[in-house]
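Here is a short report on one predicted model. It covers the sheet, the core and the ligand surroundings.

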Amino acid sequence: MKLEGASAIVTGGAGGLGAATVRHLVGMGLQVAVFDRDGDRAAELAKELGDAAIGVGGDVLDDDDVTAAIDAARSLGPLTVLVNLAGGATGAGRLVARDGTPHDKAVFVDTLSMNAVGTFNVSRLAAIAMSANEPDDDAQRGVIVNTGSLAGLEGKAGQVAYGAAKAAILGMTLPMARDLAPLGIRVCGIAPGTIGTPLMVGAAAHLKHDPSEGVLSPKRMGHPEEYALLVEAIVRNPYLNGENIRLDGGLRFTAK
Ligand SMILES: NC(=O)c1ccc[n+]([C@@H]2O[C@H](COP(=O)([O-])OP(=O)(O)OC[C@H]3O[C@@H](n4cnc5c(N)ncnc54)[C@H](O)[C@@H]3O)[C@@H](O)[C@H]2O)c1
């Protein structure tokens, strides 16, 4: 896939994994639209990267905001790469709490929405823009990388909302790849374990939890750059398609 002069969108681009991915893609020669609900942080990162990036504040659930991000990316070059990272947990909780109260329904719906609906929404609109690209020698025009989580495969107690949302994202990978193959667009998913973004480092400290527990090797949290390296491998390898890839140092989640 021709990356020189091409553009990318990173949703959640101002976040921990997002910023590392934006920097990495710029290092690969791509121009990047940093799309994030936190427009100030997106603009700050873009400013730091000069002409290679543009900050777009907005919500992945809002079609006008998504269109603005797509237009911004296309003003930099043909939109060739989409990395869906916007999301996260909106609140943990067991299906029935220890005090007997049921899980908050709105939290469940919101978590599904910001992760799964957001990924679906940006992908469907970005794919149309990618379909206008000149195909390469393999008849490929673009690539979408979705971000699930180990919680989507083996969610812990208290992760029913986040686990369901991330499972939905991982479940989109193959049907999206099948839907978009005629347009020459590949789709892969990444299921990260525990990656040391400021969010995760803060959460581990707050919960007094050793974040490397259960990781086989290397015995530490992942570095955000290691996520970005996997994005690069997916983007560069034309034969990777329709697959979710774990990035977890061999970690397997246990019940708690
Ligand atoms: N860090 C990890 O260990 C880890 C592990 C598994 C999965 N993930 C997933 O990777 C993604 C990034 O994680 P992170 O640790 O960098 O978190 P983060 O909170 O630093 O980044 C998420 C970014 O998404 C943005 N965002 C949230 N909702 C949005 C919306 N509706 N529209 C636009 N932007 C929105 C936030 O403003 C934030 O900048 C998340 O989806 C998270 O669930 C992270």
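In which sense do β2 and β3 pair, and over how many bridges? Strand β2 (residues 31-36) pairs with β3 in the parallel sense, over 5 bridges. Strands count as paired if DSSP finds at least two bridges between them. Helices (H or I, at least four residues) and strands (E, at least two) are DSSP runs, numbered from the N terminus. Val32 has Ala53 in β3 as its bridge partner.

The model is predicted: local features need pLDDT of at least 70, side-chain atom pairs count only at pLDDT 80 or more, and totals for chains, interfaces and linings use all residues. Residues are numbered from 1 along each chain as its sequence is written.

## The whole sheet

The sheet is open and has 7 strands, in the order β3-β2-β1-β4-β5-β6-β7, with parallel pairing. β3 (53-57) and β7 (244-247) stand at the edges; each has a single partner strand, so one side of each lacks a neighbour in the sheet. The twist averages 20° from one strand to the next. Angles run from 0 to 180 degrees between N-to-C directions, and axes are lines fitted to C-alpha atoms, for helices over the stretch in contact.

## Burial and core

In β3, 4 of the 5 residues are buried, so the strand is largely enclosed by the rest of the structure. Buried means 20 or more other C-beta atoms within 10 Å of the residue's own, with C-beta atoms placed from the backbone.

The largest nonpolar core holds 67 residues. Such a core is a set of buried Ala, Val, Leu, Ile, Met, Phe, Trp, Tyr and Cys residues joined through C-beta atoms within 7 Å. Ala8, Ile9, Val32, Ala33 and Val34 touch the most other members. Helix α6 (residues 160-180) gives the most to this core, with 7 residues. Val34 touches residues including Val10, Val22, Leu45, Ala53 and Val56, leaving aside those up to four places away in sequence. Contact here means C-beta atoms within 7 Å, placed from the backbone.

## Around the ligand

The ligand has 27 residues around it; Gly12, Gly15, Gly16, Gly87 and Thr197 come nearest. A residue counts as near if its C-beta atom, placed from the backbone, lies within 6 Å. α1 (16-27), α4 (105-130) and α7 (198-207) each supply at least two shell residues. The largest share, 3 residues, comes from α1.

Notes:
A residue is buried if 20 or more other C-beta atoms lie within 10 Å of its own, exposed if 12 or fewer, and partly exposed in between; C-beta atoms are placed from the backbone. Two residues are in contact if their C-beta atoms, placed from the backbone, lie within 7 Å.
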